[in-house]
Amino acid sequence: MSSAPLTLAEKVWNDHLVVKGENGSPDLLYIDLHLVHEVTSPQAFDGLRLAGRPVRRPDLTIATEDHNTPTWDIDKPIADITSRTQIEALRKNAAEFGIRIHSLGDVDQGIVHVVGPQLGLTMPGITVVCGDSHTSTHGAFGALAMGIGTSEVEHVLATQTLPLKAFKTMAINVEGTLRPGVTAKDIILAVIAKIGTGGGQGYVLEYRGSAIRALSMEARMTICNMSIEAGARAGMVAPDQITFDYLKGRPHAPEGADWDAAVEYWKTLPTDAGAKFDAEVFLDANTLDPFVTWGTNPGQGVSLLDVVPSPDDFSDPNDKAAAERALEYMDLTPGTKMKDIRVDTVFLGSCTNSRIEDLRAAASIIKGKTKADGVRMMVVPGSAKVRLQAESEGLDQVFKDFGAEWRFAGCSMCLGMNPDQLAPGERAASTSNRNFEGRQGKGSRTHLVSPLVAAATAIRGTLSSPADLEGAN
Amino acid sequence: MEKFETYTGVGVPLRRSNVDTDQIIPAVYLKRITKTGFEDALFAAWRNDPEFILNQDAYRNGSVLFAGPDFGTGSSREHAVWALRDYGFKAVFSSKFADIFRGNSGKQGLVTGIISDADIEKIWQALEANPGLEATVDLVAKTVAVADIRVEFEIDEYTRWRLLEGLDDIGLTLRDEQSITDFEAKREAWRPKTLPAKGA
């Protein structure tokens with residue numbers, strides 16, 4: 001092997017090369033872990049069945065039910081027929097093809113991107129795919145983790161490989177120390193606002209710098225989760241002691257000599273000194289404010305201390321037109337202070353922000369406080385395990401005392417495939433990842449926020465940060 | 001998959017940027033478990049608007065789409081491609097596509113060609129001046145033509161070859177099955193395994 005300096009992403013790529021592509025054909029990469037859920041898999045299994053192909057490696061595949069699952073009354077039959085059909089199809093396919101499944105009611109059920117890391121299946125230096133764009137979450141471990149489409153799901157099921165075209169690399173350097181009340185979610189919203197929803201296209205992002213190194217694994221997952229909202233193929237953070245400590249002792253983490261061999265390898269993964277990125281972006285953590293979106297794509301975000309922008313603020317004609325449309329859809333007037341925007345619902349959940357640290361952060365803000373009149377708050381843990389952990393810490397009681405709904409695990413209102421939807425025209429502060437038109441229900445209006453902002457907003461009724469609460473009830 | 005060489009059909013000017021996959025097909029349609037029949041779901045929210053382009057008679061049978069930049073962003077749902085395909089679209093042109101959407105398209109025989117915003121604008125104007133005008137997509141020559149406008153489009157060579165040959169993905173990979181088996185023999189013991197199940 002030559003010793004040319006390489007980036008983290010290049011190292012993981014090279015170590016999974018089964019066949020090097022020639023003459024413009026893609027490389028064939030081995031896939032270490034394939035996560036499956038009920039929405040993007042039925043047609044893939046259908047394809048296998050039609051072609052008479054088996055699943056090559058059931059032992060590298062795991063399924064959970066998350067997108068359609070109800071978060072109330074989970075012991076009752078699912079009322080929506082199509083939701084039920086998809087879930088039943090997954091159960092049938094898992095049984096037929098010998099795949100491990102965690103169904104609704106199972107203690108390891110939950111959002112697929114919460115369950116993988118929780119079980120210790122997500123590790124540094126592996127390749128992870130799932131028919132879900134937020135697979136980028138797993139990049140927080142230094143894994144190369146990519147969302148794929150249903151044809152690719154079928155391909156991975158059949159071959160445990162994926163033909164992939166080479167990517168470019170982009171360093172996202174975040175240096176400095178976050179101020180109190182500013183979190184990983186604010187970093188990633190600021191990054192997307194800076195580079196745009198297409199800024200990462202063709203790239204694997206690597207989040208670097210002192211502010212990233214200081215983050216917990218769960219915070220790193222929040223950041224990597226939203227890489228796709230910048231259009232990136234994947235997002236990664238180099239593994240370090242924080243990664244190893246998080247992983248050690250988890251059910252599927254390596255043990256004994258395997259653990260030692262793994263750690264030795266994992267320590268070789270960080271980007272070499274002198275390695276070249278195709279692009280670099282810099283963000284100052286010291287001056288970052290809580291960040292929120294005003295528009296209908298995740299790049300349309302501003303500091304919470306700022307005002308709703310005017311279309312005239314954008315020089316690019318497409319951005320200007322997009323802003324006009326977004327303001328109309330969101331029913332917002334340029335110049336309005338972001339903090340004056342009143343919400344109807346606060347949603348704490350999704351693969352972006354539904355882990356135990358997210359629930360702890362929000363609970364610490366609302367504890368002993370009163371919810372704003374007329375505001376509904378839903379808390380949806382990312383997994384059954386997160387829910388149990390929160391209950392063992394008494395967080396459920398904090399949420400219930402506050403008047404929030406304490407629900408069962410799933411994707412829930414992030415995309416409203418289950419009954420958890422906003423009514424037309426309703427406005428939400430949401431810890432999820434997409435503020436697209438109609439994402440949380442037909443006509444729904446979404447402001448993406450951090451768990452801390454979500455909690456403070458539930459208290460004041462308008463978009464707020466914990467700093468706004470001083471002196472409040 | 002059918003071979004794609006040239007195709008001629010009604011051009012549709014979609015004057016919108018950032019057409020994300022939630023707009024192409026809302027999440028509610030993802031609950032189906034079949035691989036076809038998504039034509040009713042395409043742009044479902046927009047189609048409630050009688051003024052929407054596909055609700056206009058001249059464009060109802062459209063099959064070549066010309067859209068603003070950043071087409072197909074957002075969710076990885078392949079249903080977005082199925083919806084376009086089932087509606088009858090054979091090709092989409094934009095100055096910029098989301099990667100996952102573009103990958104998904106190539107596998108379903110939907111051509112995604114990149115042309116400049118300036119060329120898109122010219123074609124939009126031509127189509128709007130003469131609704132129902134046809135566009136001719138020539139994948140061999142990598143050109144798209146509308147009336148007297150003829151521009152080259154970008155598409156990566158591998159996807160183009162696959163589309164021209166109408167090749168199935170899995171069959172192609174399984175020609176390398178021995179290499180996969182060899183790779184698996186060297187796979188380190190620490191790498192994850194979901195079975196036997198541990199947890200709870």
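1. A word on terms to begin: contact here means heavy atoms within 4.5 Å. Please also keep in mind that this is a predicted model.

2. Let's start with helix α14 of chain A, residues 395-402, where A:L395, A:D396, A:V398, A:F399 and A:F402 are buried. These residues lie on the same side of α14(A), because they cover an arc of only 160° around the axis. Their cover includes the strands β15 (345-348), β16 (376-379) and β17 (405-406) of chain A, along with the helices α12 (356-366), α13 (384-392) and α15 (451-460) of that chain. Just after α14(A) comes A:G403, with a positive phi of about 100°.

3. A:F141 belongs to the loop between β6 (127-130) and β7 (144-147) of chain A, and A:Y246 to helix α9 (residues 241-247) of chain A, so the pair ties together parts 105 residues apart in sequence. A:F141 and A:Y246 are both buried.

4. In chain B, have a look at B:F43 and B:W46: their ring centres are 5.5 Å apart with the planes at 20°, so the pair is stacked. Both residues are buried. The ring of B:W46 also has the charged end of B:R16 over it, 4.0 Å from the ring centre.

5. Back in chain A, the charged end of A:R387 sits over the ring of A:F408, at 3.8 Å from the centre.

6. Finally, one aromatic cluster is formed by A:F244, A:W259, A:Y265 and A:W266 together with B:W190.

How values were computed:
Residues are numbered from 1 along each chain as its sequence is written. Chains are lettered from A and ligands numbered from 1 in the order in which they are written. This is a predicted model: local features need pLDDT of at least 70, side-chain atom pairs count only at pLDDT 80 or more; totals for chains, interfaces and linings use all residues. Side-chain values use heavy atoms; hydrogens and water are left out. Buried means under 20% relative accessible area, exposed over 50%, partly exposed in between (1.4 Å probe, protein chains only). Helices (H or I, at least four residues) and strands (E, at least two) are DSSP runs, numbered from the N terminus. The arc is that of the directions from the helix axis to the C-beta atoms. Rings of Phe, Tyr and Trp (its six-membered ring) pair if their centres lie within 6.5 Å; planes under 30 degrees apart count as stacked, over 60 as edge-to-face and the rest as tilted. A charge sits over a ring if NZ of Lys or CZ of Arg is within 6 Å of the ring centre and within 35 degrees of the ring normal.
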